[in-house]
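Here are my notes for your read-through. Keep the structure open beside them and check each point as you go.

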Amino acid sequence: MLFEVWAPDADSAELRLAGAPRALERDPERAGWWTVEAEASDGDRYGFVLNGGEGGGADGPVLPDPRSRRQPDGPDGESAVVDHSAYTWRNDWAGRGLPGAVLYELHIGTYTDEGTFDAAAARLGHLAELGITHVSLMPVCPFPGTHGWGYEGVSLWAVHEPYGGPEGLKRFVDTAHGLGIAVVLDVVHNHLGPSGNHLPAFGPYFTETHRTPWGAAVNLDAPGSDEVRAYLLGSALAWLRDYRLDGLRLDAVHALADTRALTFLEELSAATDALATELGRPLSLIAESDLCDPRTTTPRESGGIGLHAQWNDDFHHALHTALTGESQGYYADFAAAPLAAVAKTVTSVFFHNGTYSSFRGRTHGRPVDITRTPAHRFVGYAQTHDQIGNRALGDRLSATLSPGLLACAATLVLTGPFTPMLFMGEEWGARTPWQFFTDHTDPALAEAVRSGRRREFAAHGWAADDIPDPQDPATRNRSCLDWSEPAQEPHARLHAWHRELIALRRALPDLSDPDLASVRTAHDEQARWLAYRRGDLRIAVNLDEKPAAIPLGGRLLGAGGRVVAAWEPVEAPGDDGLLHLPPESCVVLADD
């Protein structure tokens, strides 16, 4: 097989395969590349030595392959050959696109106590029964230790070994496809973890031209960036092709420093669409972006970047403030009139669409053309790993909200215009927290993370001892789902409500209608109710502790109708057009 590596500044390069050295030769047709042919089999260990080990002689350090498909001993160990053809796929799969989808964000390490692909795969029947169409996996690239969120990963072509490695991921995807569930993977292109990152030894993968919160930026536009882009593109396409994934979630694309006329994201969009055509199945790119910029998901032929969807944090922030009353930090602008903020987001997508953001101290965002942009290009949610885990205690909404308010949140997410997404355990109101945890093997780095987190929250009034220690194994263990909860009350009722709403979304075309311009809303900030119309359906939520009389008559929402689904017993509006909705309750109505 061909072993190759890009090391443009190296004077010599050597392959160490099963401990035996083999010299690499410069590729005469590709500047900076070194190659050698050698016999190798699946599982054989190998690595590269540059410049004789930088003074270490013949026994100099063996570096893992930047394009390693497997790191059996972690990010600092040797790479291993992976023969992707050795896996026999059990299920044919035609793919699933995003229109009509219901996403479910899942962290392999805490979805089960075991924290493996196989253990998670054994629980996928739960998601199929719930009606989930797409599992959105948090990152699975190798990172130091056993447990972590995955956003400090390195080796962007490989799979975290403690989860089950490449074969484990394939078994998980295969099982999901057999149940009709697509799989999306979260990938991180804006930075690599601080430990186990050996890319700088090979070439200019990073640049001081730009600085990011993580240090030097990934090199997307400085000298050498053509090869760095090729590295990232190749990694992304390999996930989609070799593991039969159905899409990628792109972490924090606003943090990609890229000044070139043809951006990396446009290149990735075009390459993904071309691969989808080649494979004959839909592939999706879902961006996390805080720019509130519709160009992110505007098709390339219309002058946009061409990603297929983007998370809508503005909808989350509006909903969170309406449910909790919180007003700190970036919630402040939404909290001024939270139900008006929810109404604005479900009709206009972004709350900040050219408005002043007090958190940023400037105008932010750009309007979405709701007459031309389909609603499924935006992902709506009440909770995510970020919005839970970045809280001091990792507390979910279920820690403070009643089952009725959790049902209202589910109603607004699952009957709203956006592609809905749940965070694992949300469907039954899981009481387990989801906290920030790490497993750094470098003691100095571990202490820096621990003390840094405590300093961060001390600025907001938290005592240091109240902040969970990210390095304590108990922090991860507390974050694992408790699978005894779904059979208990009130969890079982909440689970049934989520299942009912997802079934309605699948059965009633109005709930997956992509026409944003057709959504009509009404709300009362003081009485704490909100209602909106989607086709022949009307959805109403009462967030107050008192009953609400909601006027559904008139041109906006229309009168009459029948109850399709309700959290508490409720009668359809009478001749006066008033809907009498119990406290902390919600209902879906249909025209007669």
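1. Start with the crossing of α12 and α15, which is right-handed. This is a predicted model, so treat each point below as a description of that model. Helix α12 covers residues 403-414 and helix α15 covers residues 491-507. They pack at an angle of about 15°. Their axes are 10 Å apart. Angles under 35 degrees count as roughly parallel, so α12 is roughly parallel to α15.

2. Which residues of α12 and α15 meet? From α12 come Pro 403, Leu 406, Ala 407, Ala 410, Thr 411, Val 413 and Leu 414. Across from them, α15 supplies Leu 494, Trp 497, His 498, Leu 501, Ile 502 and Arg 505.

3. Now turn to another helix pair. Helix α8 (residues 313-324) packs against helix α10 (residues 338-348) at an angle of about 155°. Here the axes are 8 Å apart. An angle over 145 degrees counts as roughly antiparallel, and α8 and α10 are therefore roughly antiparallel to each other. Their crossing is left-handed. In α8, the residues that meet α10 include Asp 314, Phe 315 and Ala 318. In α10, those that meet α8 include Pro 338, Leu 339 and Ala 341.

4. Look next at the core. The largest nonpolar core has 148 residues. Which residues have the most contacts inside it? They are Phe 172 and Trp 239. Leaving aside neighbours within four places in sequence, Phe 172 is in contact with Ile 108, Phe 117, Ala 120, Ala 121, Leu 124, Val 135, Leu 137 and Val 183. Another core, of 12 residues, lies apart from the largest one. Among its members are Ala 522, Ala 531, Leu 581 and Leu 589.

5. Then find the open sheet. It is formed by 4 strands in the order β3-β2-β6-β7, with antiparallel pairing. The edge strands are β3 (20-23) and β7 (79-80), and each pairs on one side only. Strand β6 (residues 45-50) is joined to β7 by 2 bridges. Arg 45 stands opposite Ala 80 in β7.

6. Is His 177 buried or exposed? His 177 sits in helix α5 (residues 165-178). Its relative accessibility is 4%. Buried means under 20%, so His 177 counts as buried. Beyond four places in sequence, His 177 is in contact with Trp 93, Ala 182, Val 183, Arg 244 and Asp 246. Val 183 is also a contact of Phe 172.

7. Glu 114 is in the loop between α2 (108-111) and α3 (117-121). Its relative accessible area is 55%. Exposed means over 50%, so Glu 114 is exposed. Leaving aside neighbours within four places in sequence, Glu 114 is in contact with Ala 119 and Arg 476. Glu 114 and Cys 480 are 366 residues apart in sequence. In space they are 9.2 Å apart, C-alpha to C-alpha.

8. Finish with Asp 513, in the loop between α15 and β20 (520-524). At 25% relative accessibility, Asp 513 counts as partly exposed. Not counting residues up to four places away in sequence, Asp 513 touches Ala 375, Ser 518 and Arg 534. Asp 513 and Leu 156 are 357 residues apart in sequence. Their C-alpha to C-alpha distance is 37 Å.

Definitions and conventions:
Residues are numbered from 1 along each chain as its sequence is written. This is a predicted model: local features need pLDDT of at least 70, side-chain atom pairs count only at pLDDT 80 or more; totals for chains, interfaces and linings use all residues. Side-chain values use heavy atoms; hydrogens and water are left out. A nonpolar core is a set of buried Ala, Val, Leu, Ile, Met, Phe, Trp, Tyr and Cys residues joined through side-chain atoms within 4.5 Å. Buried means under 20% relative accessible area, exposed over 50%, partly exposed in between (1.4 Å probe, protein chains only). Contact means heavy atoms within 4.5 Å. Two strands pair if DSSP finds at least two bridges between them. Axes are lines fitted to C-alpha atoms, for helices over the stretch in contact, and angles run from 0 to 180 degrees between N-to-C directions. Angles under 35 degrees count as roughly parallel, over 145 as roughly antiparallel, 65 to 115 as roughly perpendicular and the rest as oblique. A crossing is left-handed if the near helix is turned anticlockwise from the far one by less than a right angle, and right-handed if clockwise.
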